[in-house]
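Here is a short briefing on one protein model. Look at the sequence and structure first, then read on.

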Amino acid sequence: MNKFKPTFWRAHLMILTAFLLMMSNLAFAQALSCSGTANIPPSGTFTVNGVTITSSYTGDVKTYTLGAYTTCSSDVINSNSLWIGQNLPWSLTLNFDKPINNVVLLLGGTGNTANENFIFNSNGGAVSIYSDSPSSCFSTINGNEILSGNGNGSPNTGGGRFRISAPSSFTSLTINGAGGQNGSVMGFCSSSIVPSCAAGTAGSNQTITSGNAPTALTLTGATGNIQWQMSTDNVTFTNVASGGTSASFSPGALTATRYYRAVVTTSDCTSTSNVVTITVNPPPFDCIGKIYSLNGTGKISAFTDPATSGTLGTIVNTTNYPTNTSNANAMGYSNLTKKFYYIQVQAVGGGNNTFISYDPATDAYQTLAGTTGTIFRGTVTNDGAGYYAITSNNILKYYSITNNTWTNITSNYVDQNGASLNALLNSYAGGDIAMDGNGDLWILGGQGASPTAYVFRVKSTVPTTNIGSTPLVLEQIVKQDIGSSPNGIAFSPTGQLYITNVTTLFRMNGDFTISPIGTASPGGGGDLGSCAFPVSPFAVSDFGDAPDTYKTLLTSDGPRHTASQYDATTNTASLMIGSKIDLETDATPNTNANGDDLSNINDENSISITTLFINSTSYTAVVPVVNTTGGNATLRGWIDFNKNGIFDSSESATVTVPNGATSASLTWTGLSGLTAGDTYYRLRIAKNAADITLPTGSVFGGEVEDGKMTIQGVCYEDPTLVPGETYPVKHGITILGRAGGNTTEWPTMRNSAYTALESKTKGFVITRNSSPETTIAIPVVGMMVFDTDENAGAGCMKIYTGAGAGEGWKCFNTQGCPTITN
């Protein structure tokens, strides 16, 4: 029990409080001083100690011109001070261009038998007044009002010395009163009119990421000399090294949290602003442009430059997961949670595996819900909210990152032709999966006993719930030998697909070929992952190459066939025209319709289009094809018969291509009105006939081929013969002799002449000439020579076709006419 009574402590507490209050008042109640007053006019502008004062008034305010005035507090008010309130009310307003406070005011000659009053108001808050005047000044203070002069016994001897203060520095002070018998003299002590040392406000707190610079700190409302200070603990502050003496201060880039304040000083005082806290967060994990490899022990590292090297950099997760492993796999990265997800320990027997996440920003692991099955293939979804995995017995599973739950989707797969892929996938049960920005799932299939890698794509929304017996359709994108045990795939931001096997890092090129980059080291190639989800990667197809009037380019919605069941090793597919297929990002049209053959592989070398003649009424083209899809396909062709630069719908023909077919015949009928000259054709083959009803547009699988062909004119005209009539013909055989009576009869005129040449051992040699254009002065249409100078000395047989435009001596190189005539 406390032996001291409560009243004892209460009394002592009251004494202590009174003492502290007294000491506080004594500390502030120091003697006021005034060394002279400022001559402030009733209305006008005046500068004191660098502070410009603008005065205005109403009522009775004027200048006191009767000389200096000594107050009851023994202070002297200079001549030309203010004389106020002579029998009338008055008001005086003083505006200062700089904040001030604690202004000392002198009053003299106040009152007589009644008080004069002086009321003070400022824009710095409620005014408080202090005075150290003697009692003989007969002045009292009531809040913001001075009452002075009543009972002084002598006229006009009241007044005194007063300090006018406000909670904050002010720039406007208004004084007013009712006036007195003779008014009073007012003066402001010059030494008290100085700028206040207001520290002002240093701005608001900020939060930035390490390595960045905060917004410049700006001090507002400060009066005096500025010095910015910094602290690492918000306790000990030191002056900043440079640039810290102006109102604005830029701390520069920061890597740790810092505290800033401004100290403002004048000759009379020092003040400190608020503290601004710059919170610096650690930088987010930077995965941009990186390809990560997960080794069997669960360590993650990035390739230093996957475009050129298989060298791996430093390990990301330096802290070990509590459970060791040698078979970690199936890694993905979520841009939503900023974490890696992977299988740390594979399932044993019928139990669950250990599925974890790793946060590289905090170096922290989290053990998540596990699932059954051995999982080598896994990836995070493009929205970052889920994770797909395929077990070694090809069960596709979905994990919800939000709900921490697993769902079995399917174990039944078919290709785009409906053929089952289950046996193939069971044989190639290794590999990895990745997802692009469209949400398409890419599947790498591989095995240790085979160098072959398969890449499939689920070109549809991948289910997140069980689909029962409905098969999941996979498009075979590529098949290529890259060495045993393909085990990792991941996208780069630019859409390149990186692949690993146990030793090497590869890259799948734009034409779906796979090229080695370098040995993956240290530790060999592991499971791959990245934070890149590129939209529409590998936008390559087989394009046509006829001139773009036929709508060939991508911008013209030209015909294009994306790869299906493509074998990059042999440049073949299960459905194609000819013996090879090439892939490009756009068409390369030209006048010879062979642009892609020049810029890529020649995939049209097995196609041969026969001659079409102007008098043909039908035409058949036999086209070499490949169809190993397991079902029928359709071949459609267009020939620009009217040469208008467009493949008209009436110019098409179509035929069914059975599985296993090696050729197909397209037949056009009802032809008429053909004119000689060059024209173009387009061939398209596809699984579904509806996909190629037009000569334009995109199709999955199959191929398109464009070509140039000639509509050939005939080389003769049938004469109109009249029975019984004879037709004289000049007839000659050799230029080495003459037949007939004289030289003027050469060639000899014969009726309805025929010439027959027969020989089993001799050849027929026509006249040889080095330049018939210059040596034969009067050529005749149909004249034929062998020009020995043509074709760089190889020569050619020439026929004279006439003297018209485009005619002349023409080489006869191929079966047909030397020029196109009707």
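Pro 522 sits in the loop between β44 (514-519) and β45 (527-529). The peptide bond that joins Ser 521 to Pro 522 is cis, with omega at about 0 degrees. The model is predicted.

- Most peptide bonds are trans, and most residues other than glycine have a negative phi.
- Asn 394 is not a glycine, yet its phi is positive, at about 65 degrees.
- The loop between β33 (386-391) and β34 (396-400) holds Asn 394.
- Is Asn 394 buried or exposed? Asn 394 is buried, and its relative accessible area is 3%.
- Ala 792, also not a glycine, has a positive phi of about 55 degrees.
- Ala 792 belongs to the loop between β60 and β61.
- Ala 792 is exposed, with a relative accessible area of 86%. The cut-off for exposed is over 50%.

**Overall build**
- The protein has four helices and 62 strands.
- It has 822 residues, and 45% of them count as buried.
- Take the contacts with a separation of 6 or more: 61% of them come from residues 24 or more positions apart.

**An open sheet**
- Four strands form an open sheet in the order β59-β60-β61-β62, and the pairing is mixed.
- β59 (768-769) and β62 (809-811) are at the edges; each has a single partner strand, so one side of each lacks a neighbour in the sheet.
- β60 (residues 784-787) and β61 (residues 796-800) run antiparallel and are joined by four bridges.
- Phe 786 is opposite Met 797 in β61.

**Nonpolar cores**
- Which residues touch the most other members of the largest nonpolar core? They are Phe 120, Met 186 and Phe 188, in a core of 30 residues.
- Strands that each supply at least two residues of this core include β3 (51-59), β7 (81-84), β9 (103-110) and β16 (184-189).
- β8 gives this core its largest share, five residues.
- Leaving out residues up to four places away in sequence, Met 186 touches several residues, among them Ile 77, Trp 90, Leu 106, Phe 118 and Ile 175.
- Another core, of 27 residues, lies apart from this one; its members include Leu 575, Ala 653, Leu 671 and Tyr 681.

Terms used
Residues are numbered from 1 along each chain as its sequence is written. This is a predicted model: local features need pLDDT of at least 70, side-chain atom pairs count only at pLDDT 80 or more; totals for chains, interfaces and linings use all residues. Side-chain values use heavy atoms; hydrogens and water are left out. Buried means under 20% relative accessible area, exposed over 50%, partly exposed in between (1.4 Å probe, protein chains only). Contact means heavy atoms within 4.5 Å. Two strands pair if DSSP finds at least two bridges between them. A nonpolar core is a set of buried Ala, Val, Leu, Ile, Met, Phe, Trp, Tyr and Cys residues joined through side-chain atoms within 4.5 Å.
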